[in-house]
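Welcome to this guided tour. Open the structure in your viewer, and we will go from the whole molecule to single residues.

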Amino acid sequence: MAQFINLFMVFILLSFAPLCSFCYNTNVGYLYPQFYDRSCPRALEIIKSIVAKAVAKEARMAASLLRLHFHDCFVKGCDASILLDSTGTIISEKRSNPNRNSARGFEVIDEIKSALEKECPHTVSCADIMTLAARDSTVLTGGPSWEVPLGRRDSRGASLSGSNQNIPAPNNTFQTILTKFKLKGLDIVDLVALSGSHTIGNARCISFRQRIYNQTGNGQPDYTLDQSYAAQLRTRCPKSGGDQNLFFLDFFSPTKFDNNYFKNLLSFKGILNSDEVLVTKNQISLELVKKYAENNELFFEQFAKSMIKMGNISPLTGSRGEIRKNCRKINT
């Protein structure tokens with residue numbers, strides 16, 4: 001009889017094995033791509049449609065939505081805390097140094113949430129919307145696609161201090177950036193691959209001014225930056241003023257998701273210090289940059305893996321958190 005029960009249990013486990021192969025154990029619950037298949041079957045279609053409309057209207061929006069997801073996950077996990085506005089009890093992460101005057105795309109998330117609340121009320125989380133929007137933005141600009149594990153719930157709070165401390169900054173050292181990644185369960189491979197998202201989007205003058213004028217306090221530009229490129233940047237990024245002037249992160253193909261970002265780094269034309277240190281401060285990261293510069297397919301493959309891994313940072317699942325009705329405020 002015991003043998004029969006054991007065989008029966010093995011049969012049951014094998015029967016469900018195909019389903020679990022698409023599940024991702026996040027230590028606090030499972031995420032899986034089919035999460036909304038029954039509760040909101042058109043969810044992914046609706047999100048993709050609105051993101052496509054937004055990117056068609058403004059190409060820069062793809063990078064903005066991708067960055068929004070990154071800045072959310074690195075604070076309290078992928079829980080949509082970055083979307084919350086300040087209230088009497090919440091200090092918004094939008095006020096932090098990495099996000100103030102630069103985080104954007106909130107209106108697109110609002111539009112998606114509004115459409116989904118009409119389609120299937122109180123079902124799809126803002127955290128999952130952001131994760132899917134980041135994937136769709138990547139695909140729309142020519143990048144790789146991947147199945148997004150779903151089932152995240154939304155936080156009921158934000159962390160201004162976490163946003164200030166945990167998000168890698170443009171002027172951080174290589175070791176500081178790597179440490180911030182490791183604290184989130186990511187490694188050096190993820191760091192280099194995810195940095196490749198800078199193949200699209202813009203940087204503000206204020207984020208790299210020090211590099212082109214006074215990198216080490218001696219009144220000289222960063223010697224690891226191509227000097228003719230530095231001179232070109234100075235024409236629109238003055239020593240004072242023009243803080244919000246925008247520059248393409250990848251000057252070669254600024255709106256196309258590809259591996260030219262890595263080729264630029266090898267030519268010492270990475271606009272941010274946090275980009276260029278990948279080739280100047282660590283041999284392992286340098287070798288990865290070379291591999292991705294040579295092989296676009298390899299970069300795409302690893303980028304997709306690393307995005308899934310990042311999207312699984314400390315999600316709220318089960319009964320933790322909530323499904324917000326409005327992404328900018330907690331339910332009352």
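Start with a surface view. The protein has an accessible surface of about 15,700 Å², and 55% of that belongs to carbon and sulfur atoms. Keep in mind as you look around that this is a predicted model.

**The whole protein**

Now switch to a cartoon. Along the principal axes, the C-alpha atoms fill a box of roughly 80 × 50 × 35 Å. A compact globule with 332 residues would have a radius of gyration near 20 Å, and the protein's 21 Å agrees with this. Of the 332 residues, 51% are buried. Among contacts with a separation of 6 or more, 74% are between residues 24 or more positions apart.

**Stop one: helix 8**

Select residues 188-195, which form helix 8. The buried ones are Ile188, Asp190, Leu191, Val192, Ala193, Leu194 and Ser195.

Then show the side chain of Asp187, which caps the N-terminal end of helix 8. One of the side-chain oxygens of Asp187 lies 3.1 Å from the backbone nitrogen of Val189.

**Stop two: Asn264**

Move on to helix 11 and pick out Asn264. This residue has a relative accessible area of 7%; buried means under 20%, so Asn264 is buried. Which side chain does Asn264 join through a polar contact? Show Asp250: the contact between the two side chains is 2.8 Å. Leaving aside neighbours within four places in sequence, Asn264 is in contact with Asp250, Phe251, Phe252, Lys269 and Gly270.

**Stop three: two loop residues**

Go to the loop between helix 3 (61-76) and helix 4 (106-119) and select Ala80. Ala80 is not a glycine, yet its phi is positive, at about 65 degrees. With 0% relative accessibility, Ala80 counts as buried.

Finish in the loop between helix 4 and helix 5 (126-140), where you will find His122. His122 is not a glycine either, and it has a positive phi of about 55 degrees. At 42% relative accessibility, His122 counts as partly exposed.

Conventions
Residues are numbered from 1 along each chain as its sequence is written. This is a predicted model: local features need pLDDT of at least 70, side-chain atom pairs count only at pLDDT 80 or more; totals for chains, interfaces and linings use all residues. Side-chain values use heavy atoms; hydrogens and water are left out. The radius of gyration is taken over C-alpha atoms; the globule rule is 2.2 Å times the number of residues to the power 0.38. Buried means under 20% relative accessible area, exposed over 50%, partly exposed in between (1.4 Å probe, protein chains only). Contact means heavy atoms within 4.5 Å. Accessible areas come from the Shrake-Rupley method with a 1.4 Å probe; for residues, only the protein chains shown count as cover. Helices (H or I, at least four residues) and strands (E, at least two) are DSSP runs, numbered from the N terminus. A polar contact is a pair of N or O atoms within 3.5 Å; within protein, one must be able to donate a hydrogen and the other to accept it, and residues adjacent in sequence count only if both atoms are side-chain atoms.
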